[in-house]
Amino acid sequence: MPLLVKTGEAQQALQLGLLLPPAQRPLADLLRAARDAGWWGLYEQLVAQLPAGEEASFWSGWPALAGGDAAAALAVWQQGGAAGQAAALRLRTALAIRAGLNAAAQEDRVAALLEWEKWQQQTLAGGHWRLAPETVVRHAGGRTVVIPELGLQLRRYRATPTQPLQLAVYGPTRVRVSLRPLHPRGAQTPVDDWLLVSGTGTEQRFPINGNAPDRQRQLAGDATSTVGQRDRVVLELGPGYHQLQLALRDREALFAVETLQPRGFETVLPVLTPQRAQAVLQAPPSGTATTAKPVRWPVELAQGCATRRVQVEVRPAPPAPVLDPTLFAAVSAARMPQPLPRHTDPATQLAELLWQAEQDPSRLGEVAVRAEILYASATERAGLREAMQRLRRAVTWRPVTNLWQRAGERDISLLHTMPEHPAARIRHALLPALGAGQQRLGGRDTLVFSLEQPQPVDFAFDLLLETLQEQPAGALSVGVRLDNRQERVVRLTPQRPRSEYRVRVAGGAHSVRLRLLDPLAGHSVRMAVREQGTDGVWTQHPLEPLRRSYHVASSDEPLVVYAEGPGLLRVDEWSGDSIGSRYRRIEAGWHKQVFAVPAGRDEALYRVFELKAKAAQPPLPLHPAGVPGEALAPRALSLAAGVPAAPALHDSLPLGGQEDGTLTGTLELASRRNLDEDRDASGEAEGFVELRATHRSYLESRDGYHRFDALSRAREHGGPTFGLREFLTLPSDWHALQFDFNASLYLQRPGGGAGTDWLGDLRGRVSQRRDLGARAYHRPALLLFRRWMSRDDALEDEPERVDQDVFTDYKRDHLQGVQLGDDLFYRSRADVAGWLGARVGSNEDFNLFDPDHVRGRIGARWLLRDLDVEAEYTATRYFADADRASDRTRERLRLEAQMLRWNDPRNGLQLGVRLDHDISAQENSWWMTLSWHRANGRLLRDFRPADLNFRGLRERHTNSRLFARQGDKQP
């Protein structure tokens, strides 16, 4: 509702607000809407619902002002608090300005007019848009636009490149121009154009990008043209008189003109127009006394469904049917000169670059580089995307041929089509994955198949129509040409998306070419080839794998190329089974570019491209020809007598609080022994019940994670334990390092005469993920830790009363140290993974060559929908040193199962069971946990990688269950 009021849709805001129950109606928004719409009867009812006080006094003053009684409005606003005092001050200022407009001396009237300009500038912030036909001076005729589904007819001004729309406006104000280009009847391809705005000493250009016909609107009385989609441009006009001319550069268009109107004070000072400014500046007729009774301007105010006319006083002046701009010279001379505005916003800069590229194609390469850099640095790209796409249609990425040094060349075989351009790879990823022997045909590309066999063979081309989601489905025609024969056409439609084309190919070498005859944006064709054997059985024809040649760079011989600037280079690096792209800017002149091997690798495979101009092509059609667009159905609004019934509205995920992270409450039952250290802390198991509160958050600016735990344990032996834990994970672009920081503090009063004991622990870990192909990677890591503890020995009689997180003999003997390790992970399937790991830990002297222990582990995990199962075997060898008399080996087997399921986007439940078995001592530890996650729609976003396995697969399962569309199969 506030948005409707702000944009001037007062009546729609009232209709929406009155549908709500009385207790839920936003009174302030309803009052603003009723004031702007002139529904004064409803306005008085709403004011009566306000409690007596300053707010009621503030709103009570507007009806008096609308009736022309400024004195009554001032009297009421004196009791209206800060808002009333501000409104009263604006009203007094307006009254003083109006009095000055009737002064006898012209210099006084000029001064009052300048104050009127300042007053209007201050009131524009709270204004609303209103159609302003009075600003139109000349046009090329009028047209009627019809919306059949809504039964509306809209009158619009027509302008052509030779007959522009001419406006006369007095500022300061904002003018919003809505335009619709005219397209030939039946046109389907979007068009590009420019809106040219010229005025006194100024010219502005606004790009019109990819404008397509609007299927929901018709042009009355015209069988040759249709209206296009709406584009809007807002013009900021400074103080003074402005004459503007508006037209598209290449085609006709229909225009509607709106100005930003101040609210509420129309009866005192109406909107400043050239006619009103001229009436103030004109000298009184000869012999007219300055004390003559002032004349009044009629001003129309909205009054419900009708209008009410009031009078605004100005000094006597003769009628002025024709504007005389020379009268405004006195005002211009008295106005302080203002510096010309500098357009620094990205949209204006990109439009200027686009204009330069189209006016001077020889500068296209240089301009495209500057535009790409500007687009990449823009924080908000919504208003730039269409202009950037328009510019990109005239450039292409071409391989750099000026090679100076490389370590060789290597061909990479691709079994599936993998586009090189990053944008094409994105579209490729949005479509279903290609199978073995399949290819994809889209846009204006052509696929060529080379066939060679000793005898005639029958081939079949299987074709399948594919459409990106959210795109209107249309039909495609595929042209198939064998050698130089006549091209045959295969038609694919949404009703019959599959088709087969068979052809008999004689013995020898032949070629088959396939292309789309009528390409559509967001549409492509998936294709496979089959051949018939001598036994009559159809089998898939083996396709020659796609080969791409990559430059090899080694540590001794990096790739070196020379490129001429100004320009932009794109470097594609082949890594396993994927392509990564990065960009490099080249300054003017020839420059040597070196592409070295990343640290830790022996070689790298690169392809280098430079941005170059090409022949511009029109955009692909957005909609299939002959298919009507989806039109809005007319909606009827009926209000029952009395209080309207509350609509049955439900939002499964109301907005608000989504940025607050994830809260988790956990209940845990545990019976544990010290299985991770070289000796037990007690002879009995340590049993406790733990309550834990956790806050998780994803650090979007750093792509990191934060977790904080607060816990309390009720123990079987000894007093309760309280703990605080904090975890921070921060990745870094510097050599792909990851930093993990852990801090913990535990407090306990064990009892038995002991005081309060505590332990603090601080750990820092740095690791690096190093990929070993598509399925495997290893992660070397270095960890440093430091402990501080209050106890220096266990309890003599009942050592089990002390919590292991507060004190153990091993922790006392190892207050600091370093650990170095490496883990190898391998994923055989999307839901199955295994790992191997080794680690060496030092004593307090940080000497890894005389270690305290070494540890090895092997394990595997499986994901069964929402159930995660893990099994791990660990063996640790502790060496004899000052802390222990002899070597000792401990072997442990861990089994763990976690079930995490989200009932809705807000709430999730997690059940966990863990069993640790000490093989050497035949001792067991176990944990059982129940957690409730309050994510408020964030789901798994805030979970650290260390806390969650199979993130991608889990998110896919969760989204398919929670957000399945109607008709989708539920998991």
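## Contacts, salt bridges and cores in a predicted model

Leaving out residues up to four places away in sequence, Gln356 touches Arg363, Val367 and Arg370, where contact means heavy atoms within 4.5 Å. Gln356 is found in helix 11 (residues 346-359). With a relative accessible area of 17%, Gln356 is buried; buried means under 20% relative accessible area, exposed over 50%, and partly exposed in between (1.4 Å probe, protein chains only).

The model is predicted: local features need pLDDT of at least 70, side-chain atom pairs count only at pLDDT 80 or more, and totals for chains, interfaces and linings use all residues. Residues are numbered from 1 along each chain as its sequence is written, and side-chain values use heavy atoms, with hydrogens and water left out.

**Overall figures**

The secondary structure of the protein comes to 16 helices and 44 strands. Helices (H or I, at least four residues) and strands (E, at least two) are DSSP runs, numbered from the N terminus. The protein has 971 residues, of which 44% count as buried. Its accessible surface comes to about 50400 Å², and 53% of that belongs to carbon and sulfur atoms; accessible areas come from the Shrake-Rupley method with a 1.4 Å probe, and for residues only the protein chains shown count as cover. Among contacts with a separation of 6 or more, 66% are between residues 24 or more positions apart.

**Leu327**

Leu327 sits in the loop between strand 13 (306-314) and helix 10 (329-334). Leu327 is partly exposed, at a relative accessible area of 22%. Not counting residues up to four places away in sequence, Leu327 touches Gln278, Leu281 and Gln282. From Leu327 to Ala279 the C-alpha distance is 9.7 Å, while the two are 48 residues apart in sequence.

**Salt bridges**

A salt bridge is a side-chain nitrogen of Lys or Arg within 4 Å of a carboxyl oxygen of Asp or Glu. By this rule the count comes to 72.

| Pair | N to O distance |
|---|---|
| Arg530 and Asp462 | 2.6 Å |
| Arg570 and Asp572 | 2.8 Å |
| Arg601 and Glu573 | 2.8 Å |

Arg530 and Asp462 form a salt bridge. Arg530 lies in strand 24 (residues 523-532) and Asp462 in strand 19 (residues 457-467), so this pair ties together parts that are 68 residues apart in sequence. Asp462 is partly exposed, at 25% relative accessibility.

In the salt bridge of Arg570 with Asp572, Arg570 is buried at a relative accessible area of 2%, and Asp572 is buried at 0%.

Arg601 forms a salt bridge with Glu573. This pair links distant parts of the chain, 28 residues apart: Arg601 is in the loop between strand 28 (578-595) and strand 29 (603-613), and Glu573 is in strand 27 (residues 559-575). Arg601 is partly exposed at 35%, whereas Glu573 counts as buried at 13% relative accessibility.

Elsewhere, a network of salt bridges links Asp823, Arg857, Arg861, Glu870, Glu872, Arg892, Arg894, Glu896, Arg914 and Asp916.

**Nonpolar cores**

A nonpolar core is a set of buried Ala, Val, Leu, Ile, Met, Phe, Trp, Tyr and Cys residues joined through side-chain atoms within 4.5 Å. The largest one has 50 residues, and Leu65, Trp77, Leu91 and Trp116 touch the most other members. Helix 5 (residues 54-66) provides the largest share of this core, seven residues. Leaving aside neighbours within four places in sequence, Leu91 is in contact with Leu65, Ala70, Ala73, Leu74, Trp77, Phe265 and Val268. A second, separate core of 25 residues includes Phe459, Phe461, Leu465 and Val505.
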